[in-house]
Amino acid sequence: MNNQTKAQDSFSVLQLKFPNGIPDIRKLTEEQKAWLQLTFQKITDIKGLQLAVNLQKIHNRLVHAEEDIPDRELQKMASFIFENIEEIKKLSAK
């Protein structure tokens, strides 16, 4: 399965798990936060999308994290992904 297919699957699952949009990160379990981080990593790992500066920053932070990402930072990532999800989906389909 290529990165674009994985990302498309991730978009679908993300929207199914959080149909009302951005979750309040502070209310999620550690397991849910870890799942969210992995999902964001898949979404931001699409060739062509990494040209977008914010996605590239998110991807690099997730890939190189040596400790848990603070809730506030993960909330910012979630906000960016959810606010731009339709545009990201369109770009990832190319």
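Which are the buried residues of helix 5?

1. In this predicted model, the buried residues of helix 5 are Ile85, Ile88 and Ser92. Around the axis they cover an arc of only 65°, which puts them on the same side of helix 5. The exposed residues Glu87 and Lys90 are carried on the face of helix 5 that is turned away from its buried side. As background, an α-helix has 3.6 residues a turn, so residues three or four places apart point the same way.

2. The largest nonpolar core has 19 residues, and those that touch the most other members are Leu14, Leu36, Phe40, Met77 and Ile81. Two or more residues are given to this core by each of helix 1, helix 2, helix 3 (53–64), helix 4 and helix 5 (85–92). Helix 4 supplies the largest share, namely five residues. In general, nonpolar side chains tend to be buried together in soluble globular proteins.

3. Met77 deserves a separate entry. When its neighbours within four places in sequence are left aside, Met77 is in contact with Phe40, Ile58, Arg61, Leu62 and Ile69. Of these partners, Phe40 is itself listed with Met77 among the core residues that touch the most other members.

4. The aromatic pairs come to a count of two. With 14% relative accessibility Phe18 counts as buried, whereas Trp35, with 24%, counts as partly exposed, because the cut-off for buried is under 20%.

5. Phe18 also forms an aromatic pair with Phe82, and this pair is edge-to-face, with 6.3 Å from centre to centre and 85° between the planes. Here too distant parts of the chain are linked: Phe18 is in the loop between helix 1 and helix 2, and Phe82 is in helix 4 (residues 71–83), 64 residues apart. Both Phe18 and Phe82 are buried.

6. Taken together, the ring pairs link Phe18, Trp35 and Phe82 into a cluster. A charged residue also belongs in this description, as Lys17 lies over the face of Trp35, at 4.7 Å from the ring centre.

Methods. Residues numbered from 1 in each chain as written. Predicted model: local features only at pLDDT ≥ 70, side-chain atom pairs only at ≥ 80, totals over all residues. Heavy atoms only, no water. Phe/Tyr/Trp six-rings, centres within 6.5 Å; stacked < 30°, edge-to-face > 60°. Buried < 20%, exposed > 50% of the residue type's maximum accessible area, 1.4 Å probe, protein only. Helix = DSSP H or I, 4+ residues; strand = E, 2+ residues; numbered from the N terminus. Lys NZ or Arg CZ within 6 Å of the ring centre and 35° of its normal. Core = buried A, V, L, I, M, F, W, Y, C linked by side-chain atoms within 4.5 Å. Contact = heavy atoms within 4.5 Å. Arc of directions from axis to C-beta.
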